[in-house]
Amino acid sequence: MTQRTLVLLKPDAVRRGLVGEILSRFEAKGLALVALELRTIDAAQADAHYAEHVERDFYPPLRTFVTSGPMLAAVLEGDEAIEVVRALNGATDGRKAAPGTIRGDLSLSNRENLVHGSDSPESAEREIALWFPHLAG
Ligand code: RTP
Ligand code: MG
């Protein structure tokens, strides 16, 4: 089934000059770019995006990280795009993520792990509406 998913290339990806490398993996897989925008978010936007995590111990440093510089926000589309993107991203902790995945190949951190991908159809709908309201619905 064709799906859309919200992908973020986090500030570490932009700082490290890995935007092209990461985007090309999604493109090479066959996912289509529907929207793409470089954006620096404030704390309120971070809290809205990570609403499920705001009470967690790891959230304050995560908020500092995701507001620390521009991110590339994207909507990608393709067959089973939500699961496909998360498989390409790899496990959350870059130290444990499998080689061949974005995090497994390019990150050594459990926080600065380069990418975000929506984790369910409900999350994708909510996150696309939050980041790209003109695509909602
Ligand atoms: P994401 O939401 O960014 O796609 O990542 P995920 O589903 O693989 O991981 P999630 O559990 O949703 O966590 C969101 C982001 O929070 C940071 N994190 N830090 N214990 C920690 O220090 C910790 N755990 C998670 C990571 O940046 C993770 O991607
Ligand atoms: Mg998540």
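Two residues are in contact if their C-beta atoms, placed from the backbone, lie within 7 Å. Helices (H or I, at least four residues) and strands (E, at least two) are DSSP runs, numbered from the N terminus.

The model is predicted: local features need pLDDT of at least 70, side-chain atom pairs count only at pLDDT 80 or more, and totals for chains, interfaces and linings use all residues. Residues are numbered from 1 along each chain as its sequence is written, while chains are lettered from A and ligands numbered from 1 in the order in which they are written.

**Exercise 1.** Determine which residues of helix 7 are buried and what covers them.

*Solution.* Step 1: a residue is buried if 20 or more other C-beta atoms lie within 10 Å of its own, exposed if 12 or fewer, and partly exposed in between, with C-beta atoms placed from the backbone. Step 2: in helix 7 (residues 121-131), Ala124, Glu127, Ile128 and Trp131 are buried. Step 3: viewed down the axis of helix 7, these buried residues fall within an arc of 100 degrees (taken from the directions from the helix axis to the C-beta atoms), so they line one face of the helix. Step 4: the elements covering them include strand 1 (2-9), helix 3 (43-49), strand 3 (71-79) and helix 5.

**Exercise 2.** Describe the setting of His116, to which the unreviewed UniProt entry assigns "active site".

*Solution.* Step 1: His116 belongs to strand 4 (residues 115-117). Step 2: His116 is buried because 21 C-beta neighbours lie inside 10 Å. Step 3: not counting residues up to four places away in sequence, His116 touches Val7, Leu8 and Lys10. Step 4: His116 is also one of the residues around ligand 1, with Phe58 and Thr92 among the others; a residue is near a molecule if its C-beta atom, placed from the backbone, lies within 6 Å of it.

Technical notes: UniProt positions renumbered as here; feature names shortened; annotations may be inferred.
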